[in-house]
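Subject: Structure handover

Hello,

I am passing the structure below on to you. My notes on it follow; please read them alongside the sequence.

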Amino acid sequence: MGFDQYHEPPKELPEKTRTFARMMASLIEEAEAINWYEQRIAVEKDSQARAIMTNAQKEEFKHFGMDLEFLLRQKPAWRTTLEDILFREGDIVEHGEQAEEDAD
Ligand SMILES: [Fe+2]
């Protein structure tokens, strides 16, 4: 990925923002890994290979979760929005609309 995570000159960005950008890049990479394993598992015919990749995908779930938690600790407003949406039963769109109202 190199320095693709920056959209402003890195030298002008505070250290905290550079760390945030690196963790955002990491979150994206973990999401990509989850997706890649999902597709590989879907087409793999060998059960042992599938079991190994399923185990590996679980590791990526953990990495994604740790990255996300780090980022949410930097952005309380993001956490507040997600608290209205995540880990709740019911209509996802309604929860999203509620989160938008609560954010205003
Ligand atoms: Fe990972």
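The chain holds 4 helices and 0 strands, where helices (H or I, at least four residues) and strands (E, at least two) are DSSP runs numbered from the N terminus. Read from the N terminus, the order of elements is α-α-α-α. The radius of gyration, taken over C-alpha atoms, is 17 Å, well over the 13 Å that the globule rule gives for 104 residues, so the chain is more spread out than a compact globule. That rule is 2.2 Å times the number of residues to the power 0.38. The C-alpha trace spans about 50 × 40 × 20 Å along its principal axes.

This is a predicted model, in which local features need pLDDT of at least 70 and side-chain atom pairs count only at pLDDT 80 or more, while totals for chains, interfaces and linings use all residues. Residues are numbered from 1 along each chain as its sequence is written, and side-chain values use heavy atoms, with hydrogens and water left out.

Metal site

An iron ion is coordinated by E30 (OE), E60 (OE) and H63 (ND1), at 2.0 to 2.2 Å. Donors here are N, O and S atoms within 2.8 Å of the metal (3.2 Å for Na, K and Ca); water is not among the atoms, so sites may look incomplete. Along the chain the donors have the spacing E-x29-E-x2-H. E30 lies in helix α1 (residues 15-43) and E60 in helix α2 (residues 47-74), 30 residues apart, and the pair links distant parts of the chain.

E30 is buried, at a relative accessible area of 14%, and E60 is buried at 13%. Buried means under 20% relative accessible area, exposed over 50%, and partly exposed in between (1.4 Å probe, protein chains only). Of the 104 residues of the chain, 23% count as buried.

Helix packing

α2 packs with helix α3 (residues 76-83) at an angle of about 115°, their axes 5 Å apart. Axes are lines fitted to C-alpha atoms, for helices over the stretch in contact, and angles run from 0 to 180 degrees between N-to-C directions. Contact means heavy atoms within 4.5 Å. On the α2 side the residues include L68, L71 and L72, and on the α3 side P76, W78 and L82 are among them.

F87 sits in the loop between α3 and α4 (92-103). Phi of F87 is near 60°, a positive value in a residue other than glycine. Most residues other than glycine have a negative phi. F87 is exposed, with a relative accessible area of 85%.

Regards
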